[in-house]
Amino acid sequence: MDLDTLHWLRLPDGQALLDELAQHDIRDATLLNELQRLRARYTPEQARAAVEQTMLRMRARVKFSHADVMFFTREALEQATAEPVARHRAGRIASHGMASVVDLGCGIGGDALALAAAGLRVTAIDRDPLRVALAQANAEALGLAERMTFVHADVVDAPPHADALFVDPARRSGGRRVFDVGQYQPPLDRVFAWGAQTPALCVKLAPGVPYEELAPPFAHEIECVSLHGELKETTLWCGPFAAVSHRATVLPSGANLATTPNMPGAPLAEPAAFLYEPDPAVIRAHLVAELAHELDAAQLDAQIAYLTSDQQIVTPFARAWRVLEWQPWQLKRLRARLRALDAGSVTVKKRGSPLDTDALARQLSGKGSRPLVVTLTRLQEQPIAIICEQIA
C-alpha cells in the first residue's frame, strides 16, 4: 500500500471494487483465483491492493466495529489499539473535562477516532505519511473528521499545545520489537519531558514493560488493561490523570481494581472449595492481595497467583472452578483418581510447573463422561495437582 493506491481505493472505482469483494469469501485458498479474475478489469497493483484490503477488513472485525469501511495496512492493524480499549481510555481522558488532545503516533487512528468520538478536539500526528492518510480516511469514513486535524511530522521537540497529550511510542525498529524504553520513538525520557508543558499525559505501553523503567518525575498511575481475559497493554497516566498507584481494568465490563495503601499480603492456605485464577490484568498490576481481600480468599503459594476460598463469589476479576480434590504431584496416583472420578476430556492448567500441559492432557484424558480440569501448581513451594470441574 502506498499513498497513490490508497487514493485510488477511495475513488468510485476503488470503492465499487471493495464493495464487490465484500460479498466474496476470500481466503488464502481462493486468493490466486480472485486475483486472476480481477486482472481482466484492473491493474495487478489495483487488484492486489483491493483484495488485501478486503482481507484486512475481515481480520480487523475483531478490533473495530466499523472495520468494513476502514482502511488498513497489515503492520498498522497489528499495532492498532482495539476499539474497546481505545474507547475506555478516551472516556477516561474526556471525564477530566479536557477539550483538546494531541495523539502523537496516531497510526491508522484507533485511539484518535475514539478520542474524537468522546467529544474531544484531536490533533493526530504521525511520522509515517501513509498512516496519517489512513487515519484521515478512517475519520472521514466514520464521520469524525470535523473534530480532527491530521499532521505528518516527526516531533523532536515539543508537540503542539493541547489540554492533554496521548503518546503511543513506536516499539519496533527494522521489523523487530524494541524492549528498551530508551529506544522507543520517541524515547520515554523525551515523552516525560513533555509533561512539563502538558501535565495531563497518557502513554500507551506494551503489556510487559518493566515497571522500574517507568519513572516519570511527577505523579503517575500504572493501569493494566485486559480484554476478554487477554492482557492488552499497560497505560501510564500522569499528572491530573493519576489517581492511584496501580489499577487493573477488565474489558468489556470496565470493572477496575485499584491499589489499597498498606494492603497486607494474602494469607496462605490449602485448596478449599473453590479455586480462582485472577485476570491477567490483576496479576500484572500486582493486585492479587487486593483481590484476595475482596474475595475473602487465600493464596496457595506466595509466588503463585492462584487463590482459594470456601465460598464462590462471582467477580469480573477472576475465573473460578469447583475443587473436587487435590494431592501432592504424583502422575500414577493422579491418573487413578481421575479414572475413579469418571474423567473424560481433561484440560490441564498450570502456574509454577514446568510440565507440558498439552501432552499431559492427552495422557490424563479418559473415556468417562465427566470433563475435568487439572491445575498444576505449588502449595507453599511443593508441587501439587488440583482436580476441578467447571461451574455451571
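How many salt bridges does the count come to in this structure? The count comes to 21 salt bridges, where a salt bridge is a side-chain nitrogen of Lys or Arg within 4 Å of a carboxyl oxygen of Asp or Glu. Side chains of opposite charge can pair when their charged atoms come close.

Good morning, colleagues. This is a predicted model, in which local features need pLDDT of at least 70 and side-chain atom pairs count only at pLDDT 80 or more, while totals for chains, interfaces and linings use all residues. Residues are numbered from 1 along each chain as its sequence is written, and side-chain values use heavy atoms, with hydrogens and water left out.

I shall begin with the overall picture. The C-alpha trace spans about 65 × 55 × 35 Å along its principal axes. Of the 392 residues in the protein chain, 49% are buried. Here buried means under 20% relative accessible area, exposed means over 50%, and partly exposed lies in between, with a 1.4 Å probe and protein chains only. Taking contacts between residues at least 6 apart in sequence, 67% join residues at least 24 apart, a contact being heavy atoms within 4.5 Å.

I turn now to individual salt bridges. Glutamate 277 pairs with lysine 349, and their closest N and O atoms are 3.1 Å apart. This pair links distant parts of the chain, 72 residues apart: glutamate 277 is in strand S12 (residues 274-278) and lysine 349 in strand S16 (residues 343-350). Glutamate 277 counts as buried because its relative accessibility is 14%, and lysine 349 counts as buried at 17%.

Which residues form salt bridges with glutamate 389? One is arginine 322, with the closest N and O atoms 3.9 Å apart. Glutamate 389 lies in strand S18 (residues 382-389) and arginine 322 in strand S15 (residues 318-328), so this bridge ties together parts that are 67 residues apart in sequence. Arginine 370 also forms a salt bridge with glutamate 389, at 3.2 Å between the closest N and O atoms. Because arginine 370 lies in strand S17 (residues 370-379) and glutamate 389 in S18, that pair ties together parts 19 residues apart. Glutamate 389 is buried, at 18%, whereas arginine 322 is partly exposed at 31% and arginine 370 is partly exposed at 28%.

Finally, I come to helix packing. Helix H3 (residues 31-38) and helix H4 (residues 44-60) pack at an angle of about 140°, with their axes 9 Å apart. Axes are lines fitted to C-alpha atoms, for helices over the stretch in contact, and angles run from 0 to 180 degrees between N-to-C directions. H3 and H4 are therefore oblique to each other; angles under 35 degrees count as roughly parallel, over 145 as roughly antiparallel, 65 to 115 as roughly perpendicular, and the rest as oblique. Leu31, Glu34, Leu35 and Leu38 of H3 make the contact with Ala47, Arg48, Val51 and Met55 of H4.

For helix H12 (residues 331-340) and helix H13 (residues 357-364), the axes come within 10 Å and cross at roughly 50°, and the two are therefore oblique to each other. Here Leu331, Leu334, Arg335 and Leu338 in H12 meet Leu360, Gln363 and Leu364 in H13.

How values were computed
Helices (H or I, at least four residues) and strands (E, at least two) are DSSP runs, numbered from the N terminus.
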